[in-house]
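Colleague: Hi! Could you walk me through the charged pairs and the pocket in this one?
Modeller: Happy to; let's look at the structure together.

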Amino acid sequence: MLGRYLLIFVLGIIGILMAAPLVLTLFTSLKPTTELVNPAWYPPLDITFEHYIRVWTEGGFSRYFLNTLLISVVDAVIMIIVASLSAYALVFMKFPGKALVQLVFLIGLMIPVTAIILPLFQVVRSVGLVNTHLGVIFADLALAVSIFVFMFQSYFVGIPKALHEAARIDGATEFQIYRRVVMPIATPAVLTTALLEFLWSWNDLLLRLLLLTEEPMRTLSVGLLNFQGVMTRDVTGLSSGTIIMAVPVIILFLSFQRHFVRGMTQGAVK
């Protein structure tokens, strides 16, 4: 019994530490400027949304929001298609060089992003895709596809081979088996991949900062830097922008939490 209470106490402390930054940020974003002299943990006495309106209109967050949403959605959709097709071929098909392809994906897992960021920038610039959403999407896919191929592989391995063989005997092509037999069973893995890729793309700063230097092409994570100067800091603008950036992610996770956990526990991540 004592151990249970101790566990609840420790988990409660961890929960408070994790939630505190978001709560303090929310308090700051809702305070009028005159209340900023109060300690950060004081809740706003006179709630105002003026900082959100200023960030959304004058701060350009309406445009940044659409840019981020476009890149993240396209990233997630293409990643599901590319990673699942690659994993299907590695699990269910036999072809020359299969071991080499597997090795290439394995090497992709081991290379840190920061080690290849400059060569990646050179490649994107050489094909004229700097300051385009397409350039960022291609870079995202190249850096993360290895992870999701292995995630789909770990799920596909658990699908009975008899289903695949039965469909093949019935005359189905490999693409028909992939689309009508394997993918409907792999729905938890698809949702897990979509959520993770969307979240990573939504929150990424490094690639966006490097590849999207023109103001109209920027995303939310880069837009937040507008409120941080060398000697000054717009605290209310920064807090409001952070909440605007966090809300869609929280809603998305809460909406698909059950499917996400199911995908994690059924083999999407092993």
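Modeller: Let's begin with R63 and E215, which form a salt bridge. Please keep in mind that this is a predicted model.

Colleague: How far apart are the closest N and O atoms of R63 and E215?
Modeller: A salt bridge needs a side-chain nitrogen of Lys or Arg within 4 Å of a carboxyl oxygen of Asp or Glu. R63 and E215 meet that cut-off, the closest N and O atoms being 2.9 Å apart.

Colleague: Which parts of the chain does that pair link?
Modeller: The two residues are 152 residues apart, so the pair links distant parts of the chain. R63 sits in helix α3, and E215 is in the loop between α10 and α11.

Colleague: Is R63 buried or exposed, or in between?
Modeller: Buried means under 20% relative accessible area, and exposed means over 50%. R63 has 35% relative accessibility, so R63 falls in between. For R63, then, the class is partly exposed.

Colleague: What does R208 pair with, and which helices does the pair tie together?
Modeller: The side chain of R208 meets that of D140 in a salt bridge, at 2.8 Å from N to O. R208 lies in helix α10 and D140 in helix α6, so the pair ties together parts that are 68 residues apart in sequence. Both R208 and D140 are buried. The partner is therefore D140, and the helices are α10 and α6.

Colleague: Which residues are linked in a network of salt bridges?
Modeller: The structure holds six salt bridges. R208 and D140 form one of them, and they also belong to a network. Its members are D75, D140, D204 and R208.

Colleague: How far apart are N and O in the salt bridge of E174 and R168?
Modeller: E174 is partly exposed, with a relative accessible area of 25%, and R168 is partly exposed at 35%. Their side chains meet in a salt bridge with an N to O distance of 2.5 Å.

Colleague: Which helix gives the most to the lining of the largest pocket?
Modeller: The largest pocket holds about 420 Å³ of space and is lined by 22 residues. D140 is among those nearest its centre, along with V113, A142, L143 and A144. Helices α4, α5, α6, α9 and α10 each supply at least two lining residues. The helix that gives the most, with six residues, is α6.

Colleague: How many of the lining residues are charged?
Modeller: The lining includes 15 nonpolar residues and three polar ones. The number of charged residues is four.

Note on methods. Residues numbered from 1 in each chain as written. Predicted model: local features only at pLDDT ≥ 70, side-chain atom pairs only at ≥ 80, totals over all residues. Heavy atoms only, no water. 1 Å grid on protein atoms, 1.4 Å probe; cavity = no way out; pocket = protein on both sides within 12 Å on 5 of 7 lines; lining within 4 Å. Points joined across faces, edges and corners; volume = space filled by probe spheres on them. Helix = DSSP H or I, 4+ residues; strand = E, 2+ residues; numbered from the N terminus. Nonpolar A, V, L, I, M, F, W, Y, C, P; charged D, E, K, R; others polar. Buried < 20%, exposed > 50% of the residue type's maximum accessible area, 1.4 Å probe, protein only.
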